[in-house]
Amino acid sequence: MSDFYDPTPQERTHLRRCVDLAREALDDGDEPFGSVLVDADGKVRFEDRNRVRHGDQTRHPEFEIARWSATALTAEERAGSTVYTSGEHCPMCSAAHAWMGLGRIVYAASSEQLQSWLAECGAPPAPVAALSITTIAPRQAVSGPVAEFADELRALHLRRFTT
Ligand code: ZN
């Protein structure tokens with residue numbers, strides 16, 4: 001990984017919250033992913049974390065954000081929002097994000113990093129290809145990954161398969 005994004009202090013704070021939500025998810029038996037939607041004024045409007053442990057494997061926080069935004073935000077508010085997330089959106093969530101016309105995405109770890117960490121701990125292959133957000137949504141504004149969260153997120157993902 002050579003092209004890391006250098007976040008502003010405010011972006012770093014939102015990403016920090018995403019990583020904390022990811023840890024909370026893992027501690028609760030879910031997968032370590034967390035996301036936050038921030039509006040154009042910089043206010044956190046919605047946050048969630050992965051909730052797949054009861055069997056619904058579509059309960060990704062980015063997907064929850066997209067669906068929440070359908071009724072909670074206007075089209076203009078959606079376009080002006082920024083979604084922060086601990087891990088780059090999967091294809092399902094990238095598509096949902098783009099269909100809803102949500103704004104920029106800032107992610108801490110890339111799908112490429114996640115794939116290498118999962119391979120490292122012998123995790124079974126995912127049923128969905130690890131395509132980048134812009135492969136799914138070509139005009140999507142995206143920033144990431146952020147180097148400073150890599151070790152912490154790697155440790156969370158490895159813990160999922162080693163304890
Ligand atoms: Zn997803």
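## Basis of the model

The model is predicted, so local features need pLDDT of at least 70 and side-chain atom pairs count only at pLDDT 80 or more, while totals for chains, interfaces and linings use all residues. Residues are numbered from 1 along each chain as its sequence is written, and side-chain values use heavy atoms, with hydrogens and water left out.

Helices (H or I, at least four residues) and strands (E, at least two) are DSSP runs, numbered from the N terminus.

## The zinc site

Three protein donors hold positions 2.1 to 2.3 Å from the zinc ion: His60 through ND1, Cys90 through SG and Cys93 through SG. Donors are N, O and S atoms within 2.8 Å of the metal (3.2 Å for Na, K and Ca); water is not among the atoms, so sites may look incomplete. Along the chain, the donors of the zinc ion follow the spacing H-x29-C-x2-C. Distant parts of the chain are linked in this way: His60 lies in the loop between strand 2 (44–49) and helix 2 (61–72), and Cys90, 30 residues apart from it, lies in the loop between strand 3 (82–87) and helix 4 (91–99).

His60 is buried because its relative accessibility is 18%. Cys90, at 22%, is partly exposed.

The expected span of a helix is 1.5 Å times one less than its number of residues. The buried residues of helix 2 are Pro61, Glu62, Phe63, Glu64, Ile65, Ala66 and Ser69. Their cover includes strand 1 (34–38), strand 2, helix 3 (75–80), strand 3 and helix 4; contact means heavy atoms within 4.5 Å.

In helix 4, Pro91, Cys93, Ser94, Ala96 and His97 are buried. These residues pack against helix 2, strand 3, strand 4 (105–109) and helix 6 (133–136). Just after helix 4, Gly101 has a positive phi of about 70°. Most residues other than glycine have a negative phi, and most peptide bonds are trans.

Met100 is located in the loop between helix 4 and strand 4. With a relative accessible area of 23%, Met100 is partly exposed. Beyond its neighbours within four places in sequence, Met100 is in contact with Ala66, Ser69, Ala70 and Arg78. Met100 and Ala70 are 30 residues apart in sequence, and their C-alpha atoms are 6.9 Å apart in space.

Helix 7 (150–162) has 13 residues and reaches 18 Å from its first C-alpha to its last, close to the expected 18 Å. Its buried residues are Ala150, Leu153, Leu156, His157 and Leu158. Helix 1 (9–27), strand 3, strand 4 and helix 5 are included in what covers them.

A cis peptide bond, with omega of about -5°, joins Gly144 and Pro145. Pro145 is placed in the loop between strand 5 (142–143) and helix 7.

## The largest pocket

The largest pocket has a volume of about 780 Å³. On a 1 Å grid over the protein atoms alone, a pocket is an open set of points where a 1.4 Å probe fits, with protein on both sides within 12 Å along at least five of seven lines; lining residues have an atom within 4 Å of a point. Grid points are joined across faces, edges and corners, and a volume is the space filled by probe spheres set on the points.

The lining consists of 28 residues, and Leu114, Leu118, Ala126, Pro127 and Val128 lie nearest the centre of the pocket. Helix 2, helix 4, helix 5 (111–120) and helix 7 each give two or more residues to the lining. Helix 5 gives the most, with 5 residues. By class, 17 lining residues are nonpolar, 7 polar and 4 charged. Ala, Val, Leu, Ile, Met, Phe, Trp, Tyr, Cys and Pro count as nonpolar, Asp, Glu, Lys and Arg as charged, and the others, Gly among them, as polar.

## Selected single residues

Pro7, in the segment before helix 1, is buried at 7% relative accessibility. Not counting residues up to four places away in sequence, Pro7 touches Arg12, Leu15, Val146 and Glu148.

Technical notes. Buried means under 20% relative accessible area, exposed over 50%, partly exposed in between (1.4 Å probe, protein chains only).
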